Amino acid sequence: MVKNIILDVGMVLVDFCWEKLMRELGLEGEVFEAVADATVRTPDWNEYDRSAVSDEELLAIFKKKAPGYEAQIQLFWDHMSGMISQYPYAKPWIASMKEQGLHVYILSNYAKRTYELTKSEGLDFLPLTDGAVFSFETGYIKPEKEIYHFIMDKYNLNAKECVFLDDNAANLVYPQQIGWKTVLFQSHAKAQEELDALLQHSF
């Protein structure tokens, strides 16, 4: 029986609109590519979500990757709260699941700095949930196995009672292996349809 809904955040509950933000900051063409290739498009961005190194160290790493574009990287860094925009359906969706008697949890790759910048607006759905685990709290990032066990241990969850929704297929592989049901998030409407089917089947 499904009792627990576990939701990713980026591209599920919020838009990770870094491209839009860069363009709003006037970073176009060659500058856009240079800044993107030095920041969000690098493996180091995963380390940002892990928050294993200091913000200062990571910013220095980003700048070192694009000599001559340090000022533009700093500009993007200073305005990064603008790359998170909550989808209009986020809070009503969580509320509707709670009304059905389901427990709702968050499991997300999310940097500590971004969390602090966006918790009051982009993440203001958190009080509606039963709990959350962010990568920066754990030292692990999806799809590393440990982060899935972290949330189960923290909230004493039974794997067979969990459904996990994530927009990245790679993040669903291990949860399936340990007994979670999963939904690859492609749109709110499609996810709701698949979730409804799982819930009907679980009774």
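In this predicted model, the largest nonpolar core has 55 residues, and those with the most contacts inside it are Leu7, Leu13, Phe76, Trp93, Phe125 and Phe134. Helix 2 supplies the largest share of this core, namely five residues. Apart from it lies another core, of 15 residues, including Tyr148, Ile151, Phe164 and Trp180.

**Packing of helix 2 and helix 5**

- Helix 2 packs with helix 5, which spans residues 70-78, at an angle of about 65 degrees, and their axes are 10 Å apart.
- Because an angle of 65 to 115 degrees counts as roughly perpendicular, helix 2 and helix 5 are described as roughly perpendicular to each other.
- The crossing in which helix 2 passes helix 5 is right-handed.
- On the helix 2 side, Val31, Val35 and Ala38 meet Gln72, Ile73 and Phe76 of helix 5, and the residues of this contact divide into five nonpolar, one polar and no charged.

**Phe76**

- When neighbours within four places in sequence are left aside, Phe76 is in contact with Trp18, Leu21, Met22, Leu25, Leu27, Val35, Thr39, Val40 and Met83.

**Ala38**

- Ala38 belongs to helix 2, which covers residues 29-38.
- Ala38 counts as buried because its relative accessibility is 1%, and buried means under 20%.
- Not counting residues up to four places away in sequence, Ala38 touches Phe62, Lys65, Ala66 and Ile73.
- Between Ala38 and Ile106 there are 68 residues of sequence separation and 29 Å in space, taken from C-alpha to C-alpha.

Terms used:
Residues numbered from 1 in each chain as written. Predicted model: local features only at pLDDT ≥ 70, side-chain atom pairs only at ≥ 80, totals over all residues. Heavy atoms only, no water. Helix = DSSP H or I, 4+ residues; strand = E, 2+ residues; numbered from the N terminus. Buried < 20%, exposed > 50% of the residue type's maximum accessible area, 1.4 Å probe, protein only. Contact = heavy atoms within 4.5 Å. Core = buried A, V, L, I, M, F, W, Y, C linked by side-chain atoms within 4.5 Å. Axes fitted to C-alpha atoms, helices over the stretch in contact; angles between N-to-C directions. Parallel < 35°, antiparallel > 145°, perpendicular 65-115°, else oblique. Left-handed = near helix turned anticlockwise from the far one by under 90°. Nonpolar A, V, L, I, M, F, W, Y, C, P; charged D, E, K, R; others polar.
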